[in-house]
Amino acid sequence: MLNLPMELLRSFVAIVESGSMGRATERIFVTQSALSLQVKRLEETLQTLLFYREGRRLRLTPAGEELLGYARSILTTNDQAVIALTGESLTGAVRVGLVQDFAEALLGEILSRFVKANPNTQLQVRVGGTMELMDLLASARLDLVLGIGAQDDPAAVCSAPTVWLGCENLLKSSEIPLALMQSPCRFRDMAIASLEAAGRPYRIFLETASLSAIRVAVDSDLAITPRTELFASRVIDVLAADLPRLNPVSYILKTRDDIHPVVSRFAEIIRTEISVSVGNALSTSGQIGQIG
């Protein structure tokens, strides 16, 4: 049996989750040329290609997609074993900032995994908008933030398409009813700008600071909204509905520079959980595996 070198698997996962070899070097602290050599070594070890090129982009091969799940599982098990055997557990408070999308979809699993490894830790979770949370991070009032940013954000964990969600029958109205978050909101700005550019009349049916209220309006067929598929509602076919396409966004993860090593590992748990959960949705739409 072959023994897969742990550092090569970690580099492979870092490339996929960071979105490019350039960004991956910021996570594993090697040069891009060294990272390329590591990928080559891993491909030679497995005797199969893991990436192929599409123009200037890299895309996972079927073998690469299959390896990704195993690699994440191996690395998670390795890190858990190291924490358990070295006694490196964290006491005190970890201050986490999450946008509402992630708080609803991922918070339970993320907290469960971290608390099992660090039972003496106190978690302080702040839910809010990305800009608000980043300000708190900059002023050292949070240790890490998981938010939503532009597609080219250097802190991107992965990118996701922005879609219109809701009942297509609402598009027959003279003015499209929208359910939008209060400003500042990337999705709000994107929706209004795209509809105005396309000349589609609209009205803001609901404006709120609550993502749950948005969900109620959409699920009750009262309005449509722009979001990623993490929101888990009905996606409208933009071609059939003659709606403007929306730009993708990135799920971003940022931490303070001076955080405890265990908090850094917590960030990796979050990164892995996002990539697994979001990656499953993107895989069905052909988006996963596209590396810049």
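Leaving aside neighbours within four places in sequence, F266 is in contact with V94, V96, I110, L111, F114, L123 and L144; contact means heavy atoms within 4.5 Å. The model is a predicted one, in which local features need pLDDT of at least 70, side-chain atom pairs count only at pLDDT 80 or more, and totals for chains, interfaces and linings use all residues. Residues are numbered from 1 along each chain as its sequence is written, and side-chain values use heavy atoms, with hydrogens and water left out.

F266 belongs to the largest nonpolar core, which has 56 residues; together with L144, W164, I224, L243, Y251 and I270, F266 is among those that touch the most other members. The largest share of this core, 6 residues, is supplied by helix α11 (residues 261-284). A nonpolar core is a set of buried Ala, Val, Leu, Ile, Met, Phe, Trp, Tyr and Cys residues joined through side-chain atoms within 4.5 Å. Buried means under 20% relative accessible area, exposed over 50%, and partly exposed in between, with a 1.4 Å probe and protein chains only. Another core, of 20 residues, lies apart from the largest one and includes F12, V13, M21 and A24.

## An aromatic pair

Rings of Phe, Tyr and Trp (its six-membered ring) pair if their centres lie within 6.5 Å; planes under 30 degrees apart count as stacked, over 60 as edge-to-face and the rest as tilted. By this rule the count is 1 aromatic pair. F12 and F51 form this tilted pair, with 5.7 Å centre to centre and 55° between the planes. The pair links distant parts of the chain, 39 residues apart: F12 is in helix α1 and F51 is in strand β1. Both residues are buried.

| Residue | Element | Range |
|---|---|---|
| F12 | helix α1 | residues 6-18 |
| F51 | strand β1 | residues 51-54 |
| R188 | helix α8 | residues 186-198 |

## R188

R188 counts as buried because its relative accessibility is 11%. Its side chain makes a polar contact with the side chain of S183 at 3.2 Å. A polar contact is a pair of N or O atoms within 3.5 Å; within protein, one must be able to donate a hydrogen and the other to accept it, and residues adjacent in sequence count only if both atoms are side-chain atoms.

## The chain as a whole

The chain has 11 helices and 12 strands; helices (H or I, at least four residues) and strands (E, at least two) are DSSP runs, numbered from the N terminus. Of its 292 residues, 47% are buried.
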